[in-house]
Amino acid sequence: MTAQKTAPLHPAARIEGGGPGAIFLTGATGFLGMELLARYLERTDRHVYALVRPNDDAEPAERLRGVIEELSGDPEAFSGRWTAVAGDALVPELGIEPTRRRELASEVDTVVHSAASVSFSLPLEESRRINVAGTRRVLEFAELCRDRGGIRRFAYVSTAYVAGDHPGRFGEDQLEVGQGFRNSYERSKFEAERLVRRCAYELPVQIFRPSIIVGEQSSGWTASFNVLYPPLKGFEAGAYPALPARSDTPVDVVPVDYVADAIFELGGRPAEHDEVNHLVAGERATTVSRIAERAGRYFGRSPPRLLRPWLYQLILHPLLIAVSRGRRRRTLRRTEALFPYFRMRVRFDDRRSRARLGPAGIRPPRPESYLDNLLDFAVAARWGKRRVTRADAYRLRGALQRR
């Protein structure tokens with residue numbers, strides 16, 4: 001790889017007198033990573049080095065400046081507090097020139113790895129290349145930080161769905177429980193978390209397992225219209241006369257601001273050895289029937305009937321595909337990967353996280369309390385086809401509330 005010209009290291013990031021050093025963040029251009037970046041810039045004076053992959057459209061600094069604008073409305077906000085590091089977790093040594101890499105490691109004392117592929121449809125080897133091998137390379141960088149100047153924290157964003165198809169309670173101290181996996185995403189994240197846990201005796205590891213992440217609870221803002229959003233869009237289109245689910249099937253979703261607040265809060269405290277935190281709705285999870293009823297009411301449609309999954313998938317779904325056209329047919333196709341989640345039985349136990357976050361006033365809200373906000377934003381943004389920044393979303397929410 002050709003050596004990249006980069007800005008000099010920020011002097012305020014140096015670890016002197018035991019004070020906090022810089023943060024190295026992966027996934028800063030992704031949905032959750034953007035919210036984490038916002039908190040580190042808004043709530044601390046630490047410098048943030050964000051690993052950004054170069055592409056044909058824009059240089060890393062330009063891409064990160066666009067993220068800053070998306071978050072704050074001002075591309076020059078926090079000038080001097082962030083540096084885009086040209087690199088890639090998919091190549092050896094993160095694609096960072098060796099001298100630069102050692103220099104960074106001397107400044108960084110906190111590594112936050114939030115980058116991942118969340119695709120359900122990638123071949124398993126491709127998911128492993130991104131989620132497992134990529135995590136291994138970020139761990140190697142964290143080990144270099146440890147050796148060069150000391151490391152306070154390696155924070156890894158896993159997923160609650162490492163539980164796979166495990167039925168019943170799944171606790172924060174559990175990982176390998178004989179589960180199977182519905183797709184390459186779940187399996188690769190399970191393997192990546194297992195890799196991180198093996199390093200817990202060498203690094204101060206902290207693992208966060210969010211469930212399905214949706215937009216901000218107050219504004220509805222999201223940069224990612226996946227997982228829950230295609231079925232919600234389907235309700236708008238009237239694509240679902242029925243769904244393959246039981247009425248009491250749990251749907252565990254959490255707003256991105258809760259997840260980012262929790263990671264920020266817990267990341268600033270001493271971690272237990274090999275600490276795992278479930279960032280989930282838990283006892284406040286909703287159900288398929290409540291989501292369907294609420295979304296149906298929002299769009300002025302009757303909620304779909306809930307059929308036994310095998311009956312819907314073998315008979316009704318192929319029939320609906322055959323008679324549907326255009327947007328409705330595309331919506332039905334896109335939601336096929338979600339069918340296994342409509343018959344889940346797992347319940348995520350988040351007692352440790354609730355006990356630690358409760359005193360700080362950070363609690364997962366009930367999804368019904370903010371679903372209309374998510375839908376307001378999704379409709380305003382035309383389900384991702386129209387760009388609405390986080391700053392715009394707050395203005396939009398204020399206008400809607402004044403009506």
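## Basis of the description

Helices (H or I, at least four residues) and strands (E, at least two) are DSSP runs, numbered from the N terminus. The model is predicted: local features need pLDDT of at least 70, side-chain atom pairs count only at pLDDT 80 or more, and totals for chains, interfaces and linings use all residues. Residues are numbered from 1 along each chain as its sequence is written, and side-chain values use heavy atoms, with hydrogens and water left out.

## Residues with positive phi

Phe78 lies in the loop between H2 and strand S3 (82-86). Its phi is near 60 degrees, a positive value in a residue other than glycine. With a relative accessible area of 28%, Phe78 is partly exposed; buried means under 20% relative accessible area, exposed over 50%, and partly exposed in between (1.4 Å probe, protein chains only).

Two further cases concern the region after H12. Arg382, which follows H12, has a positive phi near 50 degrees. Trp383 is placed in the loop between H12 and H13, and the phi of Trp383 is near 55 degrees, again positive in a residue other than glycine. Trp383 is buried, with a relative accessible area of 11%. Most residues other than glycine have a negative phi, and most peptide bonds are trans.

A nonpolar core is a set of buried Ala, Val, Leu, Ile, Met, Phe, Trp, Tyr and Cys residues joined through side-chain atoms within 4.5 Å. The largest has 46 residues, of which Val214, Leu232, Phe235, Val253, Tyr312, Phe348 and Trp383 touch the most other members. At least two residues of this core come from each of helix H5 (184-198), strand S8 (212-214), helix H6 (229-237), strand S9 (242-244), helix H8 (288-298), H9, strand S15 (346-348) and H12. A second, separate core of 45 residues includes Leu25, Ala84, Leu266 and Phe377.

Tyr312 is in contact (heavy atoms within 4.5 Å) with Ala242, Leu243, Pro244, Leu307, His317, Pro318, Leu320, Leu332 and Phe339, leaving aside neighbours within four places in sequence. Helix H12 is mostly covered, with eight of its ten residues buried. These are Leu371, Asn373, Leu374, Leu375, Asp376, Phe377, Ala378 and Ala380.

## A nonpolar surface patch

Trp310, Leu311, Leu314 and Ile315 form a nonpolar patch on the surface, with about 440 Å² of accessible area together. Patches are made of residues with over 30% relative accessible area and no salt bridge; like charges are joined within 9 Å, and nonpolar side chains (Val, Leu, Ile, Met, Phe, Trp, Tyr) within 5 Å. Accessible areas come from the Shrake-Rupley method with a 1.4 Å probe, and for residues only the protein chains shown count as cover. Trp310 belongs to helix H9 (residues 309-323) and counts as exposed at 52% relative accessibility.

## Salt bridges

The structure holds 31 salt bridges, each a side-chain nitrogen of Lys or Arg within 4 Å of a carboxyl oxygen of Asp or Glu. In the bridge between Glu70 and Arg387, the closest N and O atoms are 3.3 Å apart. Glu70 lies in helix H2 (residues 60-72) and Arg387 in the loop between H12 and helix H13 (390-402), so the pair ties together parts that are 317 residues apart in sequence. Glu70 counts as buried at 12% relative accessibility, whereas Arg387 is exposed at 55%.

Arg182 pairs with Glu186, with the closest N and O atoms 2.9 Å apart. Arg182 is partly exposed at 23% relative accessibility, while Glu186 is buried at 0%. The side chains of Glu283 and Arg354 also meet in a salt bridge (3.7 Å, N to O). This pair links distant parts of the chain, 71 residues apart: Glu283 is in the loop between strand S12 (275-279) and strand S13 (286-287), and Arg354 is in helix H11. Glu283 is exposed, with a relative accessible area of 65%, and Arg354 is partly exposed at 34%. Salt bridges that share partners join Glu35, Arg39, Glu42, Arg43, Glu216, Asp261 and Arg390 into one network.

Glu368 is found in the loop between helix H11 (351-357) and helix H12 (371-380). Its side chain makes a polar contact with the side chain of Arg290 at 2.6 Å. A polar contact is a pair of N or O atoms within 3.5 Å; within protein, one must be able to donate a hydrogen and the other to accept it, and residues adjacent in sequence count only if both atoms are side-chain atoms. Beyond its neighbours within four places in sequence, Glu368 is in contact with Thr286, Arg290 and Arg294.
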